[in-house]
Amino acid sequence: MAELAALEDPKAREVNERHGDDHGVNLGKLRALAHRLKTQQELAHRLWGTGDTAARLLALLICRPKAFERDALDVMLREARTPKVHDWLVNYVVKKNPHSEELRLAWSADPDPVVASAGWALTTERVAKKPENLDLAGLLDVIEAEMKDAPDRLQWAMNHCLAQIGIEHPEHRTRAIGIGERLEVLKDYPTSPGCTSPFAPAWIAEMVRRQHG
C-alpha cells in the first residue's frame, strides 16, 4: 500500500476522476508492479479487501482468475465501485473463470444496470468467440426494445453487443445496422481523429472494411 501511495500522481488522479475512477496511479507503473509481484492469490485477496481502487486494480492483475468461486465473483462485482475496477474484473478475471457462463446469465437479468452491463459484456465476448446456442435474433430484439432508454453503463454494453453482432455475423448485419440507425445511440459521441466511432453503424462498417481489406 505504501508503494502504491508513492506512485500517486495528482494529474493522473484528476484525469481518472473525470471518468469516475478515484485513483492517481499510472497504469503502466501499476502493471510493472504486478509483473514484479507475479501471481499471488492470497495477497490479491488482501489488496481487494482494502477497498482502495489502485489496490483492487493491482489485485486483479496478480490474482488467479480460475480460483474464484461463483459467489465470490458476484460479491466482488457488486463491490466494484469504479468503472476501471468493474471492467478489469469482468475482462481479466470473470471471462477466464469456469463460472463465467452462469454469471453471464444471472447478471444479464439483474435489476442493477451496472451489474447487468457486466452480463452484456460477457454476452458480447460470446458473440465474438463462442456464439453457438446464443439467440442472436433474440438479443437484437432486447437491444431494439431497451437500449435507447438504458442507463449509461448498460447502454454502452448493449451497444457494444449490437456492434459485435453486426461485425461477426453477416446474416444479422443489416438488421443490426438498422437498429443502430433508428435508435441513434452514441451517434454524436465525440471521437478522436483516427479512432472508430462507437455509433454502431459506423463501427460495424469500419470493422467489416478492415476484415475485407
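## Briefing: pockets, cores and salt bridges

The lining of the second largest pocket is made up of two nonpolar, two polar and seven charged residues. Here Ala, Val, Leu, Ile, Met, Phe, Trp, Tyr, Cys and Pro count as nonpolar, Asp, Glu, Lys and Arg as charged, and the others, Gly among them, as polar. The model is predicted, so local features need pLDDT of at least 70 and side-chain atom pairs pLDDT 80 or more, whereas totals for chains, interfaces and linings use all residues. Residues are numbered from 1 along each chain as its sequence is written, and side-chain values use heavy atoms, without hydrogens and water.

**Pockets**

- A pocket is an open set of points on a 1 Å grid over the protein atoms alone, where a 1.4 Å probe fits, with protein on both sides within 12 Å along at least five of seven lines; its lining residues have an atom within 4 Å of a point.
- The second largest pocket holds about 240 Å³ of space, and its lining includes Lys-95, Arg-104, Glu-125 and Lys-130.
- Two or more residues of this lining come from each of H8 and H9, and H9 contributes the most, with four. (Helices are DSSP runs of H or I of at least four residues, numbered from the N terminus.)
- The largest pocket has a volume of about 1,000 Å³, a volume being the space filled by probe spheres set on the grid points.
- The lining of the largest pocket has 32 residues, and Pro-83, Lys-84, Asp-87, Arg-153 and Trp-156 are the closest to its centre.
- Helices H2 (10–18), H7, H9 and H11 (152–168) each give two or more residues to the lining of the largest pocket; H7 gives the most, with eight.
- By residue type, the lining of the largest pocket has 14 nonpolar, 10 polar and eight charged residues.

**Nonpolar cores**

- A nonpolar core is a set of buried Ala, Val, Leu, Ile, Met, Phe, Trp, Tyr and Cys residues joined through side-chain atoms within 4.5 Å.
- The largest such core has 32 residues, and Trp-48, Leu-58, Leu-60, Leu-73, Leu-89 and Trp-107 have the most contacts inside it.
- Among the elements that give two or more residues to this core are H4 (41–49), H5 (53–62) and H8 (100–108); H5 gives the most, with seven.
- Leaving aside residues up to four places away in sequence, Trp-48 touches several residues, including Arg-56, Met-76 and Val-85. (Contact means heavy atoms within 4.5 Å.)
- Apart from this core lies another, of 27 residues, among them Trp-120 and Cys-161.

**A buried loop residue**

- Thr-82 is found in the loop between H6 and H7 and is buried, with a relative accessible area of 3%. (Buried means under 20%, exposed over 50%, partly exposed in between, with a 1.4 Å probe and protein chains only.)
- Beyond four places in sequence, Thr-82 touches Gly-20, Asp-21, Asp-22 and Thr-53.

**Salt bridges**

- The structure holds 21 salt bridges, each a side-chain nitrogen of Lys or Arg within 4 Å of a carboxyl oxygen of Asp or Glu.
- Arg-78 and Asp-74 form one, with their closest N and O atoms 3.0 Å apart; both residues lie in helix H6, four residues apart.
- In this pair, Arg-78 is partly exposed at 43% relative accessibility, whereas Asp-74 is buried at 16%.
- Arg-182 and Glu-144 meet in a salt bridge of 2.6 Å, N to O. This pair links distant parts of the chain, in H12 (residues 173–183) and H10 (residues 136–146), 38 residues apart.
- Glu-206 and Arg-210 meet in a salt bridge of 2.8 Å, N to O.
- Salt bridges with shared partners join Asp-141, Glu-144, Arg-175 and Arg-182 into one network.
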